[in-house]
Amino acid sequence: MINIAVMGYGTVGSGVVEVINTNGARINQRIGDELNVKYVLDLKDFPGDPVQEKIIHDFDTILGDDDIQIVVEVMGGIEPAYTFVKKCLQAGKSVATSNKALVAAHGAELLSIAAEHNINFLFEASVGGGIPIIRPLNSSLTADEIEEITGILNGTTNYMLTKMFYEGADYDTVLKEAQANGYAERNPEADVEGYDACRKIAILSSLISGQQVDFEDIYCEGITEITVEDMKYAKAMGTTIKLLASSKRYAGNRLHAIVAPCMLYPEHPLYNVNDVFNAIFVHGNVLGDAMFYGSGAGKLPTASAVVADVVDAAKHLNRNIMTMWKEEKLHLEDKADAKRRFFIRIKGDAGEMLPALKESFGEVEIVEVPELKGEFGFITPVMMEGDYETRSKLYKDQILHMIRVEDQK
């Protein structure tokens, strides 16, 4: 029998217990042994729930029990999760977590401790929820140099942008709807400002570079400034707007990472990823293109990924299987050096302003939406972000909004 402990009995924690109870026979078959949830750590009691007989309130009960070989951390946040996970690993217990904040901040250190003790620190659910991406990068794509990872990594914002695009609703309306449906928190900042996606792309960037990428170093822009008018221009251009988290490799081991809304053309592999679904596009130097698609969040999809890590840990109790990244920090490429096209909404008359815009930006492409009076849009040729910022200052009092354009692959 393999005994495990679950730390946290919230949405994901209760999902983990449910997955093990529902698919226990199949899970045991795949492990070749019986998996048993011995403890569930939580501050609260759950009278009436069958789990109550396993509820404990003292972390030291888990730490001091040599029968516990694997610990699931689904508490969320940095503390006390970091302290608890570190102590478990030092005590020789493998850990599976869905905690992106923990992995983004301390992944390198915790992977190193696990390797020293020949156990595992696994975190599949921390990035794609129910979508497998960590394991493919760790085991299936190891013959490749990963040159790009670009994903829709947040279901809340994708749901909101889908509603805005197809229904013409404004930001505030779709946010309230997302909250009513349980897709957005009462305080939605982590989602709508892009911080959630930013932590996830930091983890993926650390994995593909082998060095620590701090999410605070990644330029991050959310969806709070996206308007009904922006969506009308997107439709006129034959594009859609998605919040993308992207990490692209330049010469050597240099990475450029960014989180920002982007206009996508129908040829882009992420164009049709709608509603609460997430997808991750990967380009390898020998593999070429691959894409992973599915439910990026939710109780059972996330719990499924956590339990898959538990199964992996159970099958490799005395063997470390994870690729590590060094604690040495990777300095990202300056955002100003990235090249792309830009869509700009601007006040004024297109005919009158076109000569000046061509002089400033080069051969621009005008986009007009007849119902929007007193403004128009234009698309720049490919240029560096730094050049765009310099040139756009000439029109700072007239520019209404800028959205990056992600050209087809």
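## Helix 8 and helix 9

Contact here means heavy atoms within 4.5 Å. In this predicted model, Tyr159, Met160, Lys163 and Met164 of helix 8 are in contact with Tyr171, Val174, Leu175, Glu177 and Ala178 of helix 9. By class, this contact holds seven nonpolar and two charged residues, and no polar ones.

Two packed helices are described by the angle between their axes and the distance between the axes. Helix 8 covers residues 155-167 and helix 9 covers residues 171-180; their axes come within 9 Å and cross at roughly 130°. Helix 8 is therefore oblique to helix 9, since an angle counts as roughly antiparallel when it is over 145 degrees and as roughly perpendicular from 65 to 115. The crossing of helix 8 and helix 9 is right-handed.

## Helix 1 and helix 13

A second pair of helices can be described in the same terms. The axes of helix 1 and helix 13 (residues 299-315) come within 8 Å, with a crossing angle of roughly 65°. Helix 1 and helix 13 are therefore roughly perpendicular to each other. Their crossing is right-handed.

On the side of helix 1, the residues in contact are Thr11, Val12, Ser14, Gly15, Val16, Glu18, Val19 and Ile20. On the side of helix 13, they are Lys299, Leu300, Thr302, Ala303, Ser304, Val306 and Val307. This contact is made up of eight nonpolar, five polar and two charged residues.

## The largest pocket

Rolling a probe the size of a water molecule over the atoms shows where empty space is left. The largest pocket contains about 1200 Å³ of space. Its lining has 44 residues, and those nearest its centre are Val12, Lys100, Glu185, Asp196 and Ala297. Val12 also belongs to the contact between helix 1 and helix 13.

Several helices each supply at least two residues of this lining: helix 1 (11-22), helix 5 (100-116), helix 6 (125-128), helix 8, helix 10 (189-192) and helix 11 (195-209). Helix 11 provides the largest share, with four residues. By class, the lining of the largest pocket has 16 nonpolar, 20 polar and eight charged residues.

## The second largest pocket

The second largest pocket holds about 240 Å³ of space. It is lined by 13 residues, and Lys248, Tyr250, Lys339, Arg340 and Glu406 are the closest to its centre. Strands contribute to this lining: strand 10, strand 11, strand 15 (339-347) and strand 19 (399-406) each supply at least two residues.

Strand 15 gives the most to the lining of the second largest pocket, namely three residues. The lining divides into five nonpolar, two polar and six charged residues.

## The cavity

How many cavities of 30 Å³ or more does the count give? The count comes to one. The largest cavity has a volume of about 50 Å³. Its lining consists of Thr150, Leu244, Ser246, Lys248, Ile258, Val259, Ala260, Cys262, Arg340 and Glu406. The elements that give two or more residues to this lining are strand 10 (240-249) and strand 11 (255-264).

Strand 11 gives the most to the lining of the cavity, with four residues. By class, the lining of the largest cavity has five nonpolar, two polar and three charged residues. Lys248, Arg340 and Glu406 line the largest cavity, and these residues are also among the closest to the centre of the second largest pocket.

Note on methods:
Residues numbered from 1 in each chain as written. Predicted model: local features only at pLDDT ≥ 70, side-chain atom pairs only at ≥ 80, totals over all residues. Heavy atoms only, no water. 1 Å grid on protein atoms, 1.4 Å probe; cavity = no way out; pocket = protein on both sides within 12 Å on 5 of 7 lines; lining within 4 Å. Points joined across faces, edges and corners; volume = space filled by probe spheres on them. Nonpolar A, V, L, I, M, F, W, Y, C, P; charged D, E, K, R; others polar. Axes fitted to C-alpha atoms, helices over the stretch in contact; angles between N-to-C directions. Parallel < 35°, antiparallel > 145°, perpendicular 65-115°, else oblique. Left-handed = near helix turned anticlockwise from the far one by under 90°.
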